[in-house]
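Please open the model in your viewer and keep the selection panel at hand. The tour moves from one selection to the next and says what is found at each stop.

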Amino acid sequence: MSNNLLNSGSGLLRYVLGRLIRCDLMLVSLVMTLSTIGFITLFSAGYSFPWRIEDQLRNILVAGTVMLLFAMIPIRLLKKVSLPIFLAGCLLLLATHFFGVTVKGATRWLNVGIRIQPSEIMKLGVPLMLAWYYHVRGEHVAWWDHIVAFLFLAVPVGFILKQPDLGTAVLVAIAGFSVIFFAGLNWKVIALGVTGVLVSLPVVWNFLYDYQRERILTLIDPTNDPLGRGFHTLQSLIAIGSGGVFGKGWMEGTQAHLDFIPERTSDFLFAVFSEEFGFVGNIVLLVLYTLLIGRSFFIAATASSRFARLLSASIGVIFFTYTFVNMGMVSGILPVVGVPLPFMSYGGTALLILGMCSGILLSVGIDSEA
């Protein structure tokens with residue numbers, strides 16, 4: 001029996017080492033570089049929140065561990081659990097609707113011994129489900145397959161909108177729609193859908209909550225309420241502009257250190273980075289994110305199965321959406337929503353999801369070489 005255990009242990013070690021050796025070094029390097037830059041920036045932004053610096057270090061270590069664990073999972077096994085993950089996520093959203101914890105008028109959390117936010121699960125659960133569905137349907141997809149996929153997408157998005165959480169609903173919708181798009185959705189259908197959305201905007205406006213309307217009005221003209229709803233946007237724009245070409249230097253950002261930038265360790269960390277590292281730093285950051293997104297699509301293009309291709313491509317879209325929405329929000333071109341800057345902003349849940357996404361990409365790349 002001891003020999004069997006020894007053989008099984010050595011076999012597991014060979015398996016783990018074999019997958020680690022084949023990990024995509026470029027992807028790992030990009031994730032580590034962005035996490036390091038984020039921690040350095042957060043160290044400056046969170047000088048008055050030392051507990052957040054300690055928490056973020058722990059979050060990075062946990063996310064890195066999760067990334068490596070997911071890299072060890074063969075993509076075929078992940079495909080098998082896609083449907084159960086989606087169904088479990090939907091049941092948790094349903095439970096949140098009836099038994100959730102309400103904070104500031106929003107019922108987004110569920111107490112199961114610890115407080116969890118089930119909508120976060122669906123950022124990955126929805127792409128998994130849709131990639132599995134299209135894989136099962138095969139390469140020749142009928143028009144009604146897209147309708148079924150949209151119905152799968154509509155269920156969790158509807159629950160999340162009901163909470164209400166427009167920001168998360170949009171992220172889940174984009175992640176799910178990207179799978180449908182890459183599965184072969186006709187451009188004419190997309191054009192028709194975009195037209196329908198634009199035409200329905202006046203009607204949608206009437207169904208928005210007051211805080212959602214205020215965010216849109218603030219986007220149009222933040223100076224209407226400079227000390228209230230427009231304060232976040234105006235202060236972040238001042239920080240970005242004051243950074244100039246080369247920035248004020250690390251730990252020298254006055255907007256951050258004088259407490260003018262709200263949520264400076266999380267949603268508005270990019271404003272702190274811009275003030276301290278300037279235009280040149282922003283260019284470097286944009287190059288890093290472009291390489292990360294591009295590498296995701298490269299892994300998708302070389303994936304060995306339809307499921308892996310669709311899932312990897314949707315993860316690339318997730319990285320792009322997080323980056324674009326956060327930078328757009330901080331720069332005043334998009335409404336202020338709670339979307340973190342990938343691998344940089346403070347927050348355990350977002351880093352955990354991004355770590356899972358990165359691990360899945362590594363697993364896809366490893367299995368493609370096998």
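Begin by selecting Val31, Ser35, Phe39, Leu42 and Phe43 in helix α2, which meet Arg52, Ile53, Gln56, Leu57, Ile60 and Met67 in α3, where contact means heavy atoms within 4.5 Å and where helices (H or I, at least four residues) and strands (E, at least two) are DSSP runs numbered from the N terminus. This is a predicted model, in which local features need pLDDT of at least 70 and side-chain atom pairs count only at pLDDT 80 or more, while totals for chains, interfaces and linings use all residues. Residues are numbered from 1 along each chain as its sequence is written, and side-chain values use heavy atoms, with hydrogens and water left out.

By class, the contact of α2 with α3 has eight nonpolar, two polar and one charged residues; Ala, Val, Leu, Ile, Met, Phe, Trp, Tyr, Cys and Pro count as nonpolar, Asp, Glu, Lys and Arg as charged, and the others, Gly among them, as polar. Now show both helices whole: the axes of α2 (residues 25–45) and α3 come within 10 Å and cross at roughly 170°, the axes being lines fitted to C-alpha atoms, for helices over the stretch in contact, with angles from 0 to 180 degrees between N-to-C directions. The two helices are therefore roughly antiparallel, a term for angles over 145 degrees.

Stay on α3 (residues 50–71) and select Arg58 and Asp55, which are three residues apart and so separated by about one helical turn. Arg58 forms a salt bridge with Asp55, the closest N and O atoms being 3.4 Å apart; a salt bridge is a side-chain nitrogen of Lys or Arg within 4 Å of a carboxyl oxygen of Asp or Glu. Arg58 is partly exposed, at 47% relative accessible area, where buried means under 20%, exposed over 50% and partly exposed in between (1.4 Å probe, protein chains only).

Arg108 forms one with Asp165, the closest N and O atoms being 4.0 Å apart. That pair links distant parts of the chain, with Arg108 in strand β2 (residues 106–111) and Asp165 in the loop between α7 (143–162) and α8 (166–182), 57 residues apart. Asp165 counts as buried at 7% relative accessibility. Arg137 forms another with Asp145, the closest N and O atoms being 2.8 Å apart; here Arg137 is partly exposed at 35%, whereas Asp145 is buried at 0%.

Turn next to helix α5 (residues 82–99), whose 18 residues reach 25 Å from the first C-alpha to the last, close to the 26 Å expected at 1.5 Å a residue, the expected span being 1.5 Å times one less than the number of residues. Its buried residues include Phe86, Cys90 and Leu93, and the buried residues of α5 pack against α4 (75–80), β2, α6 (118–137), α7 and α14.

Then select helix α11 (residues 231–242), in which Thr233, Gln235, Ser236 and Ala239 are buried. The buried residues of α11 pack against α12 (254–257), α13 (269–301) and α14 (306–330). Just after α11, Gly244 takes a positive phi of about 65°.

Which residues other than glycine have a positive phi? One of them is Met251, with phi near 70°, found in the loop between α11 and α12 and partly exposed at 28%. Another is Phe343, with phi near 65°; Phe343 lies in the loop between α14 and α15 (348–369) and is buried at 3%.

Definitions and conventions. Parallel < 35°, antiparallel > 145°, perpendicular 65-115°, else oblique.
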